[in-house]
Amino acid sequence: MEIQLFNTMGRQKEIFRPIHEDHVGMYACGPTVYDYQHIGNMRTYIFEDILRRILEYNGYSVKHVMNVTDVGHLTSDADVGEDKLMKKIRESGLSPSVETMMKLAQKYEDRFFEDCAKLNILKPTIVCKASEHVPEMIQFIKRIESNEYTYPTSVGLIFNSRKYTHYSALAKLNLDKQKAGARVKVDPERRNPSDFALWVSNQPSHLMQWESPWGRGFPGWHIECSAMSIKYLGDHFDIHAGGIDHIPVHHTNEVAQSESATGKKWVNYWLHGEFLVLDKEKMSKSAGGFITLDNVVKQEINPLAYRYMCLTAHYRSTLSFSWDNLKMAQQAYHSLKNRIELAKHEEGSPNPTLKDEIATEFLNHINNDMNLPQALGVVWTMLKSDLSGVEKISLVSKFDGVLGLNLIEENTISIEAEQLIKDRELARKNKDWVKSDRIRDELLEMGIAIEDTPNGTRWKIN
């Protein structure tokens, strides 16, 4: 069965043909760890997780690489301003140091992957931190420089976007109509409005800096993804994914610098997920008041209900968020799980023909540019069909490999959760009610509800 994916480079659906017969190389832009990720960010990671799951469902082995940006992402697209982590340190009143910077980055990185686990997002095959790959970035910049796509200014080493003739292809930019904006104002030596920094120097206030052929400084944000993806996936790989906000600048610059270094096509398929919108505006950290997964849990909503909500809209369509919409998604998610529980006890005669037809229909939808709303519809329809309970549970288990909704749960919990329950029982025995309540809330965040009975503590998976 062929997979069709909408390729942003070309703006059309294309049959997916991997470079290698049974292996897919996939790079996804990861978080900049200067704050908690909001649920709009997490929608992108859910979309990328579904993409990976679909590829694996079709029998491919996927090497999934994701970066963690812990240095180099400045507050301005003009290649000036504070590093976003440095700004967070200043706003938090923390002592500015490299150690503080790294601790803060690690805190937000840990929280990001905790949120991913709650949303049942598979961990990437390789997670690479920008701060640990600066030597690779310097070597990669040298490749670009040797092909004469760079020039120096007082800001650092700049990429000449006009020399790369396909610069406008991904975002369909009209470079002739671009006006000299922020970049040129802060750097009068900049030749073109779309030129960008590969290496930033002459910023002594920046905490994290490295020696380089272009002076002591730090890498530009865009070069990080190019250097790390090529290190782990090679000069030419299958898929690059991310949010649509990356198309006009970040991904456009990635393509330009990567192909200028290698002299050949870099990525075959570009996939981008749409925004989660709140009051018709995209959710963003800069606007303030964004919603995190922790906010969702505090509303007694299962994180997987948010995942379910994301699957009800196509990844290339905007998804409107409201608390009412999310609560409705939770009701639907619970109804689906209840229907599956009922199916476990249904009898009936096997119908292998109908079972195969339903499986094929599900596959057709997920392979048609990841049409998860239609695929979800197949699950609901299947549960109302004349299939036997055994067949229904077999299909649900198979389909959930793509959906990732934990629809078939085993009555088990992690060793960590078991220990927390024991710690809570001890706290209750010692009448340490504050600790008992804290552990209960921690378990609830893990999706485990606690009930105290005369016969002891009981738990259930929420």
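## A walk from strand to pocket

You're looking at a predicted model, where local features need pLDDT of at least 70, side-chain atom pairs count only at pLDDT 80 or more, and totals for chains, interfaces and linings use all residues. Residues are numbered from 1 along each chain as its sequence is written, and side-chain values use heavy atoms, with hydrogens and water left out.

Now show strand E10 (residues 237-243) next to E11: the two run parallel, joined by six bridges. (Strands, E, are DSSP runs of at least two residues and helices, H or I, of at least four, numbered from the N terminus; two strands pair if DSSP finds at least two bridges between them.)

Colour E11 (residues 267-273) by burial. Seven of its seven residues are buried, so the rest of the structure largely encloses it; buried means under 20% relative accessible area with a 1.4 Å probe, protein chains only.

Next, pick Ile 239. Beyond neighbours within four places in sequence, its contacts (heavy atoms within 4.5 Å) include Phe 16, Tyr 27, Leu 51 and Leu 271.

Finally, select Tyr 34, His 73, Lys 84, Asp 245 and Lys 282, the residues nearest the centre of the largest pocket, which has 42 lining residues. On a 1 Å grid over the protein atoms alone, a pocket is an open set of points where a 1.4 Å probe fits, with protein on both sides within 12 Å along at least five of seven lines; lining residues have an atom within 4 Å of a point. E10 turns up here too, as one of the elements that each supply at least two lining residues.

Conventions. Buried means under 20% relative accessible area, exposed over 50%, partly exposed in between (1.4 Å probe, protein chains only).
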